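Here is a short note to go with your first look at this structure. Please keep the view open as you read the points below.

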Amino acid sequence: MRSKLLMLSFAAICTFFSVAVSGQSYAITNARIVTVSGATIERGTVVVRDGLIHSVGANVSPPADATVFDAAGSTIYPGFIDAASNLGVPAPAAGPGGGGPGGGGGGGGQAAAAAAAAAAQSGSNSNYPAGFRPEVDVLDLIRAGDSQFDANRNAGFTTALSMGRTGIFSGQSAVINLAGNSVSSMTVKAPFAHHISFVTIPGTYPGSLLGTFSALRQIFNDAKRLQEMQRAYAADPKGMRRPETDKSLEALFPVINRQMPVVFSANRELEINRALDFMKEYNLVGIIAGGQEAWKLTDRLKAQNVPVLLSLNFPRRTAAASPDADPETLDILRFRAETPKGPGRLAQAGIKFAFSSGGATSIADYFSGAGKAVEGGLSRDAAIRAMTLGAAEILGVSDRVGSIEAGKIANLVVVKGDLFGRDRFASHVFVDGRLFEQKEQPRPAGPGGRGPGGAAPAAANFGGTYTISIDVPGQPLPATLNLQQQGTAITGTMVSQLGTSPISNGRATGNGFSFSATVQFGGASIDITVQGAVSGANVSGTVDSPQGNIPFTGTRNP
């Protein structure tokens with residue numbers, strides 16, 4: 001009896017706190033409000049209650065029970081949306097023999113082969129190899145938890161389209177919010193689309209790009225034929241052999257019926273043309289992801305009504321020039337110079353597009369790319385729309401997110417400084433009405449970036465030795481960060497079983513640090529960006545690589 005009473009009491013306490021949290025009310029006052037869907041409010045208030053935007057306007061008064069934030073001098077935007085990412089999806093573990101991590105675009109190297117082998121061991125009635133199975137659902141891969149999204153959320157991102165990492169079919173994607181203790185609580189829309197990359201499957205068919213195109217046509221033809229047979233059998237089974245079932249083919253039924261879009265990853269003009277040809281051949285509702293040369297094909301995109309999830313991971317020179325280096329081709333130089341002008345050209349042509357991180361190693365590259373797009377001819381308003389409502393419209397969630405309107409999910413970001421400048425700082429981020437607040441690093445007060453009297457501004461000291469555990473799926477990786485800080489500059493090393501990596505581009509941020517490094521893995525050099533948040537003796541953050549974001553946690557040593 002006593003045990004039962006304790007359980008009931010505990011349940012009542014949990015219920016109380018659940019109601020208290022969901023009923024939390026906030027009011028952000030005196031802010032410039034970029035609603036995106038309507039006129040910008042130069043000075044107004046946004047009220048958040050029960051996870052939703054309760055009210056917004058110039059004459060809105062904070063409720064008596066609200067926690068009030070005075071945001072004078074700041075701008076409130078809808079939470080930013082990454083329109084194509086692998087957020088929440090763990091990078092595949094390295095396979096035997098020391099293969100490198102799997103690729104974010106899907107499917108090269110030993111790690112991809114290892115991932116395919118692992119998937120092949122799971123039970124399936126599919127007649128197609130791992131990596132070529134459209135029934136894979138990203139919701140079965142995504143992991144919940146706030147820490148892995150810290151770097152993105154602290155930059156103002158509240159929502160993302162998340163897809164699988166490997167395979168020709170990289171899984172049915174989902175639109176998720178970047179906070180939550182369960183995948184179900186994070187999910188905004190699932191499934192969203194099938195995703196196809198023009199890659200190969202190591203060690204099995206199709207092992208060549210020509211084979212990939214042939215196999216894609218075959219599986220779509222097989223799906224159409226199986227659906228016709230199943231319909232005929234359902235109408236009158238007598239005298240007809242029962243059709244087989246196949247998860248892979250049946251997963252394509254919504255695609256061939258134009259009930260679900262298919263997203264083709266393609267950046268160069270030839271790849272995009274091939275994707276558009278395939279969409280036309282099979283009458284698909286199609287989307288291009290990447291699309292860095294999509295501006296060359298605006299007529300086709302418009303004629304076929306195909307939007308673009310445009311990567312802001314713009315091409316750049318990856319190695320320092322030297323007298324011994326081979327000169328870059330004219331095509332590469334032109335590609336690098338013209339790509340940042342692409343968004344403005346798409347906008348001018350009336351093509352629907354949204355911005356995505358596109359496999360960038362640092363989320364800072366997203367904002368850098370957006371700034372370059374504005375410099376290349378895209379209006380600031382159009383750039384903001386591509387980060388918010390434009391993305392929500394393409395992803396089919398504009399009735400829930402993407403703009404600041406009463407009744408929508410309270411996904412908001414409060415920004416100090418120029419959104420496309422280096423002084424940008426997201427002080428408050430709301431995800432599903434849940435507040436994430438950051439402390440701002442002291443800013444220079446005097447001329448030339450100096451403090452009063454010409455002295456350098458004071459900065460919190462994050463120097464020291466940190467023992468961390470990087471949450472690599474199936475094999476947590478212990479590491480040690482040795483950080484030295486002078487002003488806001490951070491140097492030092494990152495030490496793990498992969499070796500010792502010198503830190504570069506290190507700096508102290510508002511509540512922690514960030515730096516770049518290069519690690520050797522499976523004989524390859526992998527560029528990473530580490531972003532950490534320090535709270536007392538605890539540290540948490542993410543290691544960002546071309547394979548995606550991996551969370552880490554740890555402590556600062558005494």
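1. A definition first: two strands pair if DSSP finds at least two bridges between them. Helices (H or I, at least four residues) and strands (E, at least two) are DSSP runs, numbered from the N terminus. By that rule, strand 8 and strand 9 (residues 187-189) are antiparallel partners, with 2 bridges.

2. A word on where this comes from. This is a predicted model, in which local features need pLDDT of at least 70 and side-chain atom pairs count only at pLDDT 80 or more, while totals for chains, interfaces and linings use all residues. Residues are numbered from 1 along each chain as its sequence is written, and side-chain values use heavy atoms, leaving out hydrogens and water.

3. Now the whole chain. It holds 14 helices and 26 strands. Of its 558 residues, 49% are buried (buried means under 20% relative accessible area, exposed over 50%, partly exposed in between, with a 1.4 Å probe and protein chains only). Taking contacts (heavy atoms within 4.5 Å) with a separation of 6 or more, 58% join residues 24 or more positions apart.

4. Strand 7 (residues 157-162) runs antiparallel to strand 8, with 4 bridges between them.

5. Which residues stand opposite I176? A160 is one, and T187 in strand 9 is another. L161, in turn, has V175 of strand 8 as its bridge partner. Along strand 8 (residues 174-177), A174 and I176 point one way, V175 and N177 point the other way, and all are buried.

6. Next, please look at helix 8 (residues 269-282). Its 14 residues should span 20 Å at 1.5 Å a residue, and this agrees with its end C-alpha atoms, which are 20 Å apart (the expected span is 1.5 Å times one less than the number of residues).

7. Which side of helix 8 is buried? I272, A275, L276, F278, M279 and Y282 are buried there. They lie on the same side of helix 8, because they cover an arc of only 160° around the axis (the arc is that of the directions from the helix axis to the C-beta atoms). L270 and K280, on the other side, are exposed.

8. The cover over the buried residues of helix 8 includes helix 5 (209-235), strand 11 (262-266), strand 12 (286-290) and helix 9 (298-303). Just after helix 8, N283 has a positive phi of about 55°.
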